Amino acid sequence: MKVPVTWLRELVQLPDDVTTEQLAARLTQFDLKLEEIISSGISGPLVVGRVLSLVKEPQKNGKTINWCRVDVGPEHNDDDGARGIVCGAHNFVEGDLVVVSLPGTVLPALGFEITARKTYGHVSDGMICSSTELGLPGDASGIIVLDPDSATPGDDAIALLGLGDEILDLEVNPDRGYALSMRGVGRDTALAYELEFADPAAIEVTGTGEGYPVRVEDAEACPVFAARAVTGFDPTRPTPPWMAKRIEQAGMRSISLAVDITNYVMLEIGHPIHGFDLSSLQGPIVVRRATEGEKLTTLDGVVRTLSADDTVVTDDRGPISLAGVMGGAETELSDATTDILIEAAHWKAPMIARTARLHKLPSEASKRYERGVDPELPARATQRVADLLAELGGGTIEDGLTVVGAATQRPAVEMSVHLPSRVSGVDIDAAAVVEALEGNGCEVALDHESLAATPPSWRFDLNDPNDLVEEVLRVVGYDQVPSIVPVAPAGRGLTTAQKLRRRVGNVLAGDGLIEVKTFPFAGAADFDRLGLPADDVRRRQVLLENPLSAEEPGMTTTLLTGLLRSLVLNLGRGHADVHITETGRVFLPQSGDAEAPIYGVDRRPTDDEIAAFEAALPHQPHHVGLVMSGERVRTGWAGPGRRATWADAVAVVQHLADELHVDVEVQQAHVMPWHPGRCAAIVLEGDVIGHAGELHPRVLKAYGLPARVVAAEIDLDALIAASPEIGPRPDFSSFPVAKEDLALIVDDEVPAASLQRVLAASSDLIESVRLFDVYSGDQVADGKKSLAFALRLRAPDRTLTDDEIRAARENAVAAAASVGAALRT
Amino acid sequence: MSAPNSSYDPVEVTPLNAEEVERVRDEALAAIAAADTLDALKQVRIDHAGDRSPLALANREIGALPPQARKDAGQRVGQARGAINQALAAKTAEVEAAEEERALVTEAVDVTLPWDVEPVGARHPITTLSEHIADIFVAMGWEIAEGPEVEAEWLNFDALNLGPDHPARTMQDTFWVTPERAAMVLRTHTSPVQARTMLTREPPIYIACPGRVFRTDELDATHSPVFHQVEGLAIDEGLSMGHLKGTLDHFAQAIYGDGMTTRFRPSYFPFTEPSAEMDLLCYVCHNEPDAVADCRTCKGEGWVEWGGCGVVNPRVLVACGVDPERYSGFAFGIGIDRTITSRYDIADLRDLFDGDIRFTQPFGVEL
């Protein structure tokens, strides 16, 4: 809401020493937050001048200029009692009063400072100004000619034209619709400075008897409808400058006197008003729901197709106005309109909000209706408009007044007088509570410890005791609230999952990975690049109604979409070795068409009802993803480095599992986007919780990435859930260890991990099994490899005998044979 | 011919002459002094202190002397041998030290050669700041609550007093899940976590909820469709706005240091009543009279906008099953991304999300 300070000061007798900055700061404390103070920005010697002489001088370029001597007052005149000024406009004569910007004046509309300059053979010692040059509404083709005798040469024109006016641009929260008017801002200003407030809406309604016939069929949307006719209006009369200026200062355009009056009254008291050309109306006005598909051409010339959700004002021909949002073109006020029907109707907020959204037509009127307009105002608003049409436009106010419906009385809100103190922590006595509520327009009945406050008709936000508390606290001052640290009961600290997620983050950083945060949006193009098969479950997304980009219509199912995008960016920016990771949720829809329930809000949903949320919401586990490109160990002066390989990806995952004391199994897998021969499935108690390895060359090609990029992604929630409170405790046997090495020949396809598992399970005496060598080459047959394992054997209660050791070794060899491994000889 | 009886035959033993012993000793000491390598010393030891050295041989002759002469000769030879051994030990230590010195000099390297072969990891400041904030609240006895990002419409809006026609619903530009009747959204704030906590736990409740949230803003230097916030909720008997202010002042001091404070301005949020915007004392100029005018951080205001807060609307308590007659509470929220951009002077919000490793690296693993 743009509030001209001069207008506000007219409504509230603020002390002169209150600066605009102070006023703005005070209103901010009253929940009318200052966005900015707008001023014309004009400074310098802008004065009134009288044209003493005017000589027309035709120029070679075809133009004719006026060489003028202008009296700009004794303070500014040169020794000859005037100044010489060149002017190109021709709408003035000798003797006229004009506005002169003398050298040193800054006019923001021109963007420079006025100086004396040589032009057309004269030194022009200033400029005679047009409205446009001063940033004022009006005719740009000529200069401003002031009314004769309205001023004296040398007078300050900044004050005369109101160019020093400042405008407060205030942010009005949706609960304070009343403050979208001078009336509302004025009332709060008076309250803030404890001043008297003369309500501009305290208008006596003079009309009696039958007015224009109106029937309201949709009383739910339109509880009150008032109409008043003014005839014999002179459409040629201009809008008085003071009114045009206020309308422009408030951020609207001055259009014509009749339209300006309706807008002015809306700004003044906050009630939107619509004017019909009375002569164009056909039959009685009927307010009703539109029928589906009905058409209306609105003021802006757009043909709108209406829906049954819209409420319309109609006459015999059909809709003539989209209620509370925008009028129709056929009945609009024109420059020939002499007879006007003024409509001021109270439209319900939800209906207006719906219609304005549906037709994408936010207007000054809809903005106010959506936030709530005072329902007591319709008749008074028509009176105010009628009075101005009569006063400024010579119209005759018809006696007949139409008022259909009436405002309903707001219910009183009951509250303990102690509640404001309890809620705010500020000690506020009952008298202060009552005074503050009355200052806000409430009628207050005090009964011992409790009070009943009837909110004023314009305050739709006062429904609950806490709503009243806010109003009281606004008056008492939010700055009075004390600062007390509450003592919480002993908390249990972070949950295990929270602690482990932090640990995982630190382990990843320790492994040289840099954490990134990417957007979790993805689409088919991403999944195509990842080479996911058509029936891959990861193509099933949670889709959005209104995604920002059609390319990414829903939520991602894998962190690799964001990580690979980030990798591409990093390589594009010239980083060669990039190791990045992200921890975040992925989104896996429930099967079928899940719908989350909507409940009432007057009670807690039952446990079953709450459980229904979880049943409908997509599964959203935390994943950890990582990608590595380039060298894992950099080549340098100390020797050659090492490229990141599939094993590095597996190693990081294994490291995470080890840190969390989770026993995961690594299995050979074939899953896109990984290389079919270089993909490890990470298996936890039989369930695959992720994959690691080298990415498929086709995927790298699709992303334009270099060869041999490696990646991993695992379900972190699953890993954390499996993490025991402490790791498995080793048996601290103090008896000697026996070490046995086994070299085993197996088929190439046999995974090392499976052989290791078999060996580990072959005897109770096995303390550990570690693979220490892999060999394939001349010494072993084609299609075979040699895997060498170090076995450590130990018993908890004795030193092992040679026989026991030999038996354990034989058991191990036998177990290995069960998966096709033979002892290397 | 019988062999001489060495015990009794009076013989003249030249090596045991005082002059001869002295000469041999001096010769040995000179050789020791001349030796300047361990190898040379080894040879000197063999020649002058070994089993075949003159004094060793002389020593063997002592027994042949008459008892009267034995003592003198023994003393003489013993002293000479002692002097030689002492000199040898001293010289050996000296030469060893010198050789070690030489070796250390030749083994010297350029330790300024860079060891930059291992990648250095780092954690994103959004993560570490969220953790830092969590720690501050945990230290006050609060707990950290979390919830899903695709959220039920009822929990994101209705339960928080944002009814279907509430103007604030259009204010918050929401991502809706397809189809619309699914009644799910990308949560527009972490407040549904507060609702979930109230629905499933008995008061007293003191929780902070950091997390990722979504609004349909196009990405630019100051807006992002994905951002992060932390909200706090306290529900207990007798809580007032004063406790809210106390908590926020404590929080401000924990993050920005002693003397920090907050101030309230009235505002509007459907889930709180009364509601306030909170400003943080400018952490750069502290609103000091001589610094505030030129302060770029607060643009001369002395305060910076920090977030929203208020007393939990009793309607929210009712919808979430908390008895508003018995309990009251407060809630607040601040933007994590914005805290990072303003605190670390980051002009473009996009830097937080495009994943350039140079952005994250300087933040290390802890804020």
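The model discussed here is predicted.

Visitor: Are H5(B) and H12(B) roughly parallel or roughly perpendicular?
Guide: Helix H5 of chain B spans residues 125-139, and helix H12 of chain B spans residues 336-343. Their axes lie 10 Å apart, at an angle of about 105°. Angles of 65 to 115 degrees count as roughly perpendicular. Therefore the two helices are roughly perpendicular.

Visitor: What radius of gyration does chain B have?
Guide: Look at the box first. The C-alpha atoms of chain B fill roughly 140 × 50 × 45 Å along the principal axes. A compact globule of 367 residues would have a radius of gyration near 21 Å. For chain B the value is 45 Å.

Visitor: What share of the residues in chain B is buried?
Guide: A residue is buried if 20 or more other C-beta atoms lie within 10 Å of its own. Chain B has 367 residues, and the buried share is 47%.

Visitor: How far apart are the centres of domain 4 and domain 6 of chain A?
Guide: Domain 4 of chain A covers 413-477, and domain 6 covers 738-823. Taken over C-alpha atoms, their centres are separated by 83 Å.

How values were computed
Residues numbered from 1 in each chain as written. Chains lettered and ligands numbered in written order. Predicted model: local features only at pLDDT ≥ 70, side-chain atom pairs only at ≥ 80, totals over all residues. Domains from an automatic or database assignment. Axes fitted to C-alpha atoms, helices over the stretch in contact; angles between N-to-C directions. Helix = DSSP H or I, 4+ residues; strand = E, 2+ residues; numbered from the N terminus. Parallel < 35°, antiparallel > 145°, perpendicular 65-115°, else oblique. Rg over C-alpha atoms; globule rule 2.2 N^0.38 Å. Buried ≥ 20, exposed ≤ 12 C-beta atoms within 10 Å, placed from the backbone.
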